[in-house]
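Subject: Structure handover

Hi,

Here is the structure I promised you. My notes follow below it.

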Amino acid sequence: MARERKKSAREVALLALHACEQQGAWSDGFLKKAIREAGLDSRDAGFASRLCFGVLQNRMLLDFYLGQFSKLPLDRLEAKIRSCLRLGAYQILLLDRVPESAAVNESVNLARQYAKNPRAAGMVNGILRNLIRSRETLGLPTQLDIRYSHPAWLVKEFDLALNGEGVEALLEADNAIPPTMAQVNTTHFSQEEVVELLRQEGVEVQPHPWIPDCLLLQGTGDLERLESFRRGAFYIQDGAGKLSVLAADPRPGMQVLDACAAPGGKSFAAAIRMGGQGEIWSCDIHPHKRGLIQAGAERLGFSELIHPAIQDGKQCREEWIGRFDRVIADVPCSGLGIIRKKPDIRYKDPEPLAGLPAIQSAILENVSRYVKPGGALLYSTCTLLRRENEGVVEAFLEKHSDFTLERFQLPGPVGAVEGGMLTLWPHLHGADGFFFAKLRRAT
Ligand SMILES: C[S@@+](CC[C@H](N)C(=O)[O-])C[C@H]1O[C@@H](n2cnc3c(N)ncnc32)[C@H](O)[C@@H]1O
């Protein structure tokens with residue numbers, strides 16, 4: 001039987017780009033699987049990811065340039081040919097470590113391999129060579145949407161959420177490569193131990209400048225293969241998620257409900273904060289995600305404390321009414337705060353997002369019943385749209401006079417949040433775009 005030809009990093013990137021554009025796949029999930037199947041080593045895996053994310057982060061800008069050299073409008077080309085062109089243009093214009101000749105030749109080879117039209121490879125060659133010849137005269141487009149490859153509707157929404165201040169800095173930050181943040185499992189390890197373990201495994205580690213027990217990692221390769229990860233020394237979570245749990249302030253011995261929990265980040269942060277004492281119910285609506293919470297809890301040594309469960313946050317579980325000291329509602333949302341990590345989110349159809357506030361309100365409404373008198377409710381999202389954030393909280397408060405927003409105090413530049421609601425911004429806080437509100441139930 002003939003052995004299957006091994007795929008290159010560029011080919012994996014091409015297939016991921018194609019799957020994102022044509023099949024609605026998520027780049028991170030697709031890439032992870034395709035890299036594993038192609039057996040890429042860590043260097044090639046890194047290159048495939050950079051190519052795919054780089055093209056997604058700059059897709060509209062690349063199309064703007066390519067369109068100047070293509071006789072046919074780009075949207076009339078075969079989808080894979082369009083992706084070959086974008087890959088080539090990205091390497092030529094925005095990556096400084098790839099020789100131009102390699103960028104062109106590899107795109108031409110991919111086009112030869114994947115195009116239905118036998119003349120497509122010649123066309124890719126012609127367009128990319130013209131791009132190289134004219135690169136010195138290419139100016140940056142003035143429109144923010146094209147310059148930063150964010151659809152115009154999104155730029156408008158972000159500008160609105162920022163009250164007209166700093167949208168360009170946000171768009172720029174969205175296209176930066178975010179650091180990997182590891183949260184130390186301080187219940188079982190000290191920060192010094194974890195730093196030492198990671199350094200022994202060849203990982204570059206820096207403590208976060210202002211978030212406690214948070215490490216910035218570089219050069220991890222496949223994290224799950226690290227011994228320190230397997231031993232449960234840390235888990236991966238952006239600083240924003242960790243800060244939201246600090247605001248909720250779960251304490252040892254408390255009863256906590258994490259209503260939309262998978263893959264478990266907030267539950268793990270709460271477990272660590274509680275020093276492993278108390279009880280956390282970690283629920284999710286999707287049965288296949290239960291295993292993610294369970295596996296994380298076992299790895300981190302919290303399987304006694306964390307109870308993973310399948311539960312729709314919109315449906316009332318009578319026996320939970322008034323039972324919990326802390327309820328965390330980290331609701332499903334448009335995810336527009338984590339474009340740095342999921343660059344393809346920006347290209348998804350905005351239409352279905354209109355229904356999210358109703359779902360978010362229904363979850364908040366229901367789980368608020370589970371909060372003990374005197375207990376606290378944390379509402380959070382990883383989006384920056386007001387209608388999913390302040391809009392949902394304000395509508396809830398109008399109907400529930402027994403809940404009020406409560407001040408909380410966070411470390412570093414955030415400090416005291418007097419109004420009880422906070423938005424973290426990638427360009428201002430170096431964190432994921434994230435919103436949370438702390439509500440206290442009257443005694
Ligand atoms: C933002 S994610 C949660 C992230 C998680 N809290 C963490 O920090 O790792 C939202 C989760 O809500 C779940 N979900 C969606 N609709 C739900 C519902 N009606 N009830 C409970 N969970 C729901 C999704 O499956 C998803 O895992």
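Thr180 is partly exposed, because 16 other C-beta atoms lie within 10 Å. The cut-offs: 20 or more other C-beta atoms within 10 Å make a residue buried, 12 or fewer make it exposed, and anything in between is partly exposed, with C-beta atoms placed from the backbone. This is a predicted model, in which local features need pLDDT of at least 70 and side-chain atom pairs count only at pLDDT 80 or more, while totals for chains, interfaces and linings use all residues. Residues are numbered from 1 along each chain as its sequence is written.

Thr180 and its strands

Thr180 sits in strand S1. Helices (H or I, at least four residues) and strands (E, at least two) are DSSP runs, numbered from the N terminus. Thr180 touches Leu217, Thr220 and Ile236, leaving out residues up to four places away in sequence. Contact here means C-beta atoms, placed from the backbone, within 7 Å. Val205 is 25 residues from Thr180 along the chain, and their C-alpha atoms are 10.0 Å apart.

Strands pair if DSSP finds at least two bridges between them. S1 and S3 run antiparallel, joined by four bridges. Thr180 stands opposite Leu217 of S3. S2 and S3 are also antiparallel, and four bridges join them. Gln206 has Leu216 in S3 as its bridge partner. Six residues separate the strands in the hairpin of S2 and S3, where Asp213 takes a positive phi near 55°.

Helix H11

Which residues of H11 are buried? They are Val194, Val195 and Leu198, in a helix that spans residues 191-200. They lie on the same side of H11, because they cover an arc of only 100° around the axis. The arc is that of the directions from the helix axis to the C-beta atoms. An α-helix has 3.6 residues a turn, so residues three or four places apart point the same way. The buried residues of H11 pack against strands S1 (180-184), S2 (204-207), S3 (214-218) and S4 (234-236), and against helix H12 (227-230). Exposed Glu192 and Gln200 are on the face turned away from the buried side of H11. Just after H11, Gly202 has a positive phi of about 85°.

The ligand shell

There are 21 residues around the ligand, and Cys260, Gly265, Ile285, Gly313 and Asp330 come nearest. The criterion is a C-beta atom, placed from the backbone, within 6 Å of the molecule. Helix H14 (265-273) and strand S6 (279-284) are the elements that give two or more residues to this shell. By class, the shell has ten nonpolar, five polar and six charged residues. Ala, Val, Leu, Ile, Met, Phe, Trp, Tyr, Cys and Pro count as nonpolar, Asp, Glu, Lys and Arg as charged, and the others, Gly among them, as polar.

What the record says

The unreviewed UniProt entry puts "domain: SAM-dependent MTase RsmB/NOP-type" on residues 170-442. Over residues 170-442 the chain is 27% helix and 25% strand, with end C-alpha atoms 38 Å apart. UniProt also lists a "binding site" feature, whose positions include Cys260, Ala261, Lys266, Asp312 and Asp330. Such annotations may be inferred rather than shown by experiment.

Ala261 is in the loop between strand S5 (255-258) and H14. Ala261 is buried, with 29 other C-beta atoms within 10 Å. Asp312 is in the loop between strands S7 (306-310) and S8 (324-330). Asp312 counts as partly exposed, with 16 C-beta neighbours inside 10 Å.

Best wishes

Terms used:
Two residues are in contact if their C-beta atoms, placed from the backbone, lie within 7 Å.
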